Amino acid sequence: MDSAEFHAAVYHVVRQIPPQKVTSYGHIAKLIGMPRYSRHVGQALKFLNPENNVPWHRVVSSTGTISSRGPGTSGAQRQKEALEAEGVEVNAGRTGEFRVNLGAWGWFPDVGTVDVGVEVAAPETEEADDGNGDAVDDE
């Protein structure tokens with residue numbers, strides 16, 4: 001899957017998250033067949049045009065935390081406000097970060113049950129290596 005296909009798949013899946021639900025960057029990555037690419041999901045969403053129809057605000061970290069957009073930005077506040085406008089409860093964590101209870105608001109469909117908009121390759125598997133970066137044959 002090239003970069004354009006990856007971004008298209010991310011946007012296609014994120015559009016399917018129902019209102020008043022959230023999911024994680026990692027779960028989007030799993031759904032599109034790229035389970036190790038959660039950070040790339042975040043990057044794809046970060047560069048969306050503000051006038052898009054992708055509900056980017058419905059994607060949070062695997063702990064339910066709304067990710068900071070860096071010092072001096074208002075992205076986390078905007079995401080909090082967009083979620084609250086849909087009726088999602090957002091709380092302040094111990095260190096002031098915004099957090100969503102994934103048990104109450106999470107959307108985590110099984111892999112293969114969501115249309116990803118592109119052909120998905122077989123899931124990646126981790127190869128064992130011998131410590132030198134060489135794959136180990138199981139036989």
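Guide: What follows looks at helix α3, beginning with the chain as a whole and ending with a residue in another helix. The model is a predicted one, and its chain holds five helices and four strands, which, read along the sequence, follow the pattern α-β-α-α-β-α-β-β-α. Of the 139 residues in the chain, 37% count as buried, and among the contacts between residues at least 6 apart in sequence, 63% join residues that are at least 24 apart.

Helix α3 covers residues 38–46, and its axis comes within 10 Å of the axis of helix α1, residues 3–14, with the two crossing at roughly 80°. An angle between 65 and 115 degrees counts as roughly perpendicular, and α1 and α3 are therefore roughly perpendicular to each other. On the α1 side of this crossing, the residues that meet α3 are F6, H7, V10, Y11 and V14, while α3 contributes H40, V41, A44 and L45. Sorted by class, the contact between α1 and α3 comprises seven nonpolar residues and two polar ones, with no charged residues.

Turning to burial within α3 itself, the residues V41, G42, A44 and L45 are buried. Seen down the axis of α3, these buried residues fall within an arc of 160°, so they line one face of the helix. The other side of α3 carries R39 and K46, both of which are exposed. As for what the buried residues of α3 pack against, their partners are α1, α2 and the strand β2, residues 59–60.

H27 has a relative accessible area of 11%, and because the cut-off for burial is under 20%, H27 counts as buried. Once its neighbours within four places in sequence are left aside, H27 is in contact with W107, F108 and P109. With P109 there is also a polar approach, in that a polar atom of the H27 side chain lies 2.8 Å from the backbone oxygen of P109.

Definitions and conventions. Residues numbered from 1 in each chain as written. Predicted model: local features only at pLDDT ≥ 70, side-chain atom pairs only at ≥ 80, totals over all residues. Heavy atoms only, no water. Buried < 20%, exposed > 50% of the residue type's maximum accessible area, 1.4 Å probe, protein only. Polar contact = N/O pair within 3.5 Å; in protein donor to acceptor, adjacent residues only side chain to side chain. Contact = heavy atoms within 4.5 Å. Axes fitted to C-alpha atoms, helices over the stretch in contact; angles between N-to-C directions. Parallel < 35°, antiparallel > 145°, perpendicular 65-115°, else oblique. Nonpolar A, V, L, I, M, F, W, Y, C, P; charged D, E, K, R; others polar. Arc of directions from axis to C-beta.
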